[in-house]
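Q: I would like a close look at one part of this protein. Please keep the explanation plain and go step by step.

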Amino acid sequence: MVDVLNSVSAADLIYPFSEPPATGEIKLVAPGVLWIWIPLPFRLNHINVYLIEDGDGWAVLDTGIGNVQTRAIWENLVRGPLRGRKLTRLIVTHFHPDHIGLAGWLCERFGLPLLTSQTSYLGCLNISLSPGALDAAPYRDFYLRHGLDPETTALVATQGHGYLKMVDNLPPTFMRLVDGDSLKIGNKTFAVLTGDGHAPEQVMLYSPAEKLFFAADQVLAKISPNVSVWAVDPDGDPLGLYLRSLGQLKSMLPDDVLILPGHQLPFYGLYGRATQLIAHHEERCCMIEEACLAAPRSAADLIPVIFPRPLDPHQMSFAFSEVQAHVNYMLRSNRLHWSEAAGGIQRVSATG
Ligand SMILES: [Zn+2]
Ligand SMILES: [Zn+2]
């Protein structure tokens, strides 16, 4: 899931389509590729789903969340704009509810195999099997000792239940997609790429011949995807992994691919956009560094440095995890170091 907290200005991108398809309609974005816009009940109010021509049917890329409204959209699409042409398989890019939520229903309703990364499948399954697992002392303590208030801590610790409200039970089997695989869909051949940072082992598809890049949430036109530390991997470095992935995309893909992202409009300008996103995170690191030169700070102390406006508890939880990602990244590169832990709160200082 991404949130609109992280708006990052996007200069010099080219948008070949000025607006998305209306809900329930399809738009041809490349030969044999259809674009569908599915509403979401969040501030980021939609997800892009794509259909890739697959013989006499369509392979589906991502699903929308699992609710009655999204099911109705799919039923109407198949009966209406797709004129009864069948769906052939479902590819899911990552385990966030807007991308995987309806996978169980779609696979069962239309008899589709599910293709996704192992981590996406297991990540979703893990929450489904044990939605309350995060509500345990080691995880609550992680948030509290980094200065997060008890109300937001409780929200983060119980979010597995909210996830399940948006996600159907997964099909019992899946086909694993692995970075470096080649995936043939109809007459197109895609390289399977995976990238971390926003979600572990997020799947992206690249067709060199068609110059198409299905980027999922890794590269979006106007926002930076959330990059979050989670309590089960408290010293993890999702920001470092995200920056590594952006660097790989810049070096592996040509600049003139059409980027078909998980949200907002498709665009050209991969190299420029990846460069902007890298610069955006470096700017945030510099803001944190400056604040920590003045005094030791906890991750929670740093939230208003990066997000100066008032935040509701939901936004606060995103903001905390995002700030923690920058802190962990900077700890690894020795730009920050642990300072005193006073009153049970851990703080970092700038190395200077
Ligand atoms: Zn998303
Ligand atoms: Zn996402």
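Which residues are the protein donors of the zinc ion (ligand 1)?

A: The model is predicted. In it, the zinc ion (ligand 1) has these protein donors: D98 through OD, H99 through NE2, D217 through OD and H263 through NE2. Along the chain, the donors of the zinc ion (ligand 1) follow the spacing D-H-x117-D-x45-H.

The next point is how the donors are arranged. The angles among the four donor atoms run from 87 to 154°. Four donors count as tetrahedral if all angles lie between 85 and 135 degrees. The site of the zinc ion (ligand 1) is irregular.

D217 bridges the zinc ion (ligand 1) and the zinc ion (ligand 2). These two ions lie 3.3 Å apart.

H99 belongs to helix α2, residues 97-100, while H263 is in the loop between β12 (258-261) and α9 (270-294). The pair therefore ties together parts that are 164 residues apart in sequence.

What remains is whether these histidines are covered. H99 has a relative accessible area of 0%, so H99 is buried. H263 also has a relative accessible area of 0% and is likewise buried. The cut-off for buried is under 20% relative accessible area.

Technical notes. Residues are numbered from 1 along each chain as its sequence is written. Chains are lettered from A and ligands numbered from 1 in the order in which they are written. This is a predicted model: local features need pLDDT of at least 70, side-chain atom pairs count only at pLDDT 80 or more; totals for chains, interfaces and linings use all residues. Side-chain values use heavy atoms; hydrogens and water are left out. Donors are N, O and S atoms within 2.8 Å of the metal (3.2 Å for Na, K and Ca); water is not among the atoms, so sites may look incomplete. Four donors count as tetrahedral if all angles lie between 85 and 135 degrees; four count as square planar and six as octahedral if opposite donors are over 155 degrees apart and all others between 65 and 115; anything else is irregular. Helices (H or I, at least four residues) and strands (E, at least two) are DSSP runs, numbered from the N terminus. Buried means under 20% relative accessible area, exposed over 50%, partly exposed in between (1.4 Å probe, protein chains only).
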